[in-house]
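Keep the structure open while you read.

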Amino acid sequence: MSQREYHIVVLGSVGGVGKSCLTAQFVQNVWIESYDPTIEDSYRKLMEVDGRQVVLEILDTAGTEQFTAMRELYMKSGQGFLLVFSITSMSSLHELAELRDQIIRIKDDPRVPLVLVGNKSDLEEDRAVSRARAFAVSQGWGSPYYETSARRRANVDEVFKDLCRQIIRRDVELSRATDSDPREGRRRRDTQDRNRRRRSNRSREHRCVIL
């Protein structure tokens, strides 16, 4: 059986919420101590989800304002999204609502696979966002919520696996819709072709691949 490839985008409204640390722990099993603002890093990781082998292409995006114009391209090509905030910053949670709205608008899909991630759970003494508050936001979105610690590697694998399961389920749902509506099938194939071209062009420009 051929391995399926799924494209995940890691987003945060601001820098310093730990997106890159979270991604590095998942892909490389390392903790990055110093903060270096990300422009864009792309990784590939083979993993098993519910007995099937899948390849995840993970795009770790910029969290700084000067690179926000690139986000629309990320959103068009992504199949699933991790929206990351820091539990030590209420504003980092509030600002994710705009990102989610933008994803739904660009994908034209209110059920796009998404996980809300409250990172830095090891900094409990500095907590500014209660679990109840973050859970209420996730419930309103219809998305799961996890608290993670990139430093301690807590729930790191779980957030990626949950998102991958969502992508697989959505892929099955869209395939069934395609079978029942040929026009939807053509539209979906055209979208996939455009996304493949975008990813290919981006990969030639900047890529860090780790298997």
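Two strands count as paired if DSSP finds at least two bridges between them. Strands (E, at least two residues) and helices (H or I, at least four) are DSSP runs, numbered from the N terminus. With that in hand, look at Val49: it stands opposite Arg52 in strand 3. Strand 2 and strand 3 pair in the antiparallel sense over 10 bridges.

A quick word on the model: it is predicted, so local features need pLDDT of at least 70 and side-chain atom pairs count only at pLDDT 80 or more, while totals for chains, interfaces and linings use all residues. Residues are numbered from 1 along each chain as its sequence is written, and side-chain values use heavy atoms, leaving out hydrogens and water.

Now zoom out. The open sheet is built from 6 strands in the order 2-3-1-4-5-6, with mixed pairing. At its edges sit strand 2 and strand 6 (145-147), each pairing on one side only.

| Helix | Strands touched | Angle |
|---|---|---|
| Helix 4 (96-107) | strands 1, 4 and 5 | about 170° to strand 4 |

Helix 1 is largely enclosed by the rest of the structure, because 9 of its 10 residues are buried (buried is under 20% relative accessible area, exposed over 50%, partly exposed in between, with a 1.4 Å probe and protein chains only). Among those buried residues are Lys19, Leu22 and Phe26.

Phe26 also turns up in the largest nonpolar core, which has 26 residues. Such a core is a set of buried Ala, Val, Leu, Ile, Met, Phe, Trp, Tyr and Cys residues joined through side-chain atoms within 4.5 Å. Helix 6 gives the most to this core, with 7 residues. Leu56 is another of its residues with the most contacts inside it, and Leu56 touches Phe26, Tyr43 and Cys164, among others.

Finally, is Glu147 buried or exposed? Glu147, found in strand 6, is buried, with a relative accessible area of 12%. Its side chain makes polar contacts (N or O atoms within 3.5 Å; within protein, one able to donate a hydrogen and the other to accept it, and residues adjacent in sequence counting only if both atoms are side-chain atoms) with the side chains of Arg131, at 3.3 Å, and Tyr145, at 2.7 Å.

Key. Contact means heavy atoms within 4.5 Å. Axes are lines fitted to C-alpha atoms, for helices over the stretch in contact, and angles run from 0 to 180 degrees between N-to-C directions. Lists of a residue's contacts leave out its neighbours within four places in sequence.
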